[in-house]
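Subject: Structure handover

Hi there,

Here is the structure I promised to pass on. Please open it alongside this note, and my findings follow below.

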Amino acid sequence: MAVPITVTVNSQTHSGEVEPRTPLVSYLREVLSLTGTHVGCDTSNCGAEITTIEGLAPEGGLHPLQEAFRETHGLQCGFCTPGMILAAWQLLERNENPSDAEIRHSLEGNFCRCTGYDNIVKAVQHAAQNA
Amino acid sequence: MSVLGQSVKRVEDQRFITGKGRYTDDITLPNMTFAAIVRSPHAHANIKGFDTAAAAAADGVVAVFTGADIAESDIGGLPCGWQVDFKSGETMIEPAHPVLASEKVRHVGDPVAIVIAETREAAADAAERVAVDYEVLDAAVNAVDAIKDGAPQVHAEAPNNIPFDWGLGDADAAAAALDGAAHVTTLEFDNQRIIPNAIEPRCAIGDYDDARDHYTLYTSSQNPHVIRLLMTAFVMGLP
């Protein structure tokens, strides 16, 4: 039943065999032990090159987005945070100075139950200004 | 230097912003097994019997337990953590709430059996092989209709499906105020059931250390001490 796959995650290439029904997030969490990506629902979004929260920061340091979330109190329980940071990272890669509306639009796919989103938006603005 | 009046940074953020938080599903214990819960597809039904042979024989399955097993065990039912009495002062009616249902299911999703297996997938596959013989009954699904005579009885102990009739405030003063009011408006409010819903899905790990005869429960909750108290005192009968 298993099929061979090769994926590049955080610049490292991995090969293995998985059952076709295995979600990408399960592969990341259970096979690669990258538990920073969380399961909040059962939708997934695959790409050929995957960067996870563990691959974002320079060695021993923090990415400006990570610093920003701490600075602006952009998290409480932290469960949505890796997803928010990665979604914001993608936004800032293509738009260095997003507006409030652009930030909110690009984060539409990520839910938060704790913060009410305003401090998350501030975190992204903070990162954009301090990149 | 005092922290009063200062904006103080949280101390716990480092692990959350780097993806190194330890949410329950991030934890892997040695020899950890996985559970899949079999739940009733019916809102109201009598359970006539269980057949777990096919599930128990499935790949990777360690054990299968049903409501019948629980009923024969020393495991207690789940207590109601918040007691609310009748306006008369009488104690609320609290029917038994077994961990797994054995005689009757009372809502869609009522748990009736649990499969323990070596992997998530094995547990899920085997759970589909548990057979439960249900005798489907009419259901009471609307609160307004459920308290009328003739509605299906969910619990025999609570006639008209009323476990309590609770009030708050001064009924006489309120009646007097309404009587003397220049104008009275009546509104009917439908309030949906309210349930706390953190974004982390519900998850638990039960770890038994037989060297110490010690149980550890990993779960996400705002009330770990309450859970520990209720589980030990009422469910597991431990000191």
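**Aromatic rings**

A:Phe79, B:Phe16 and B:Tyr23 are linked into a cluster by ring pairs. Before I go on, please keep in mind that this is a predicted model, in which local features need pLDDT of at least 70 and side-chain atom pairs count only at pLDDT 80 or more, while totals for chains, interfaces and linings use all residues. Residues are numbered from 1 along each chain as its sequence is written, chains are lettered from A and ligands numbered from 1 in the order in which they are written, and side-chain values use heavy atoms, leaving out hydrogens and water.

Over all chains, the structure holds 3 aromatic pairs (rings of Phe, Tyr and Trp, the last by its six-membered ring, with centres within 6.5 Å; planes under 30 degrees apart are stacked, over 60 edge-to-face and the rest tilted). One of them is the tilted pair of B:Phe16 and B:Tyr23, at 6.0 Å centre to centre with 35 degrees between the planes. Both B:Phe16 and B:Tyr23 are buried (under 20% relative accessible area, with exposed meaning over 50% and partly exposed in between, for a 1.4 Å probe and protein chains only). B:Tyr208 and B:Tyr215 also form a tilted pair, with 4.6 Å between centres and 40 degrees between planes. Here B:Tyr208 is partly exposed at a relative accessible area of 41%, and B:Tyr215 is partly exposed at 40%.

**A sheet in chain B**

Chain B has an open sheet of 3 strands in the order β4-β2-β6, with antiparallel pairing. Strands here are DSSP runs of E with at least two residues, and helices are runs of H or I with at least four, numbered from the N terminus; two strands pair if DSSP finds at least two bridges between them. At the edges are β4 (104–105) and β6 (131–136) of chain B, each pairing on one side only. Strand β2 (residues 45–51) of chain B is joined to β4(B) by 2 bridges, and B:Asn46 has B:Lys104 as its bridge partner in β4(B).

**Chain A overall**

Chain A has 5 helices and 3 strands, following the pattern β-β-α-β-α-α-α-α along the sequence. Its C-alpha atoms fill a box of roughly 45 × 30 × 25 Å along the principal axes. Of the 131 residues of chain A, 40% count as buried.

Happy browsing!
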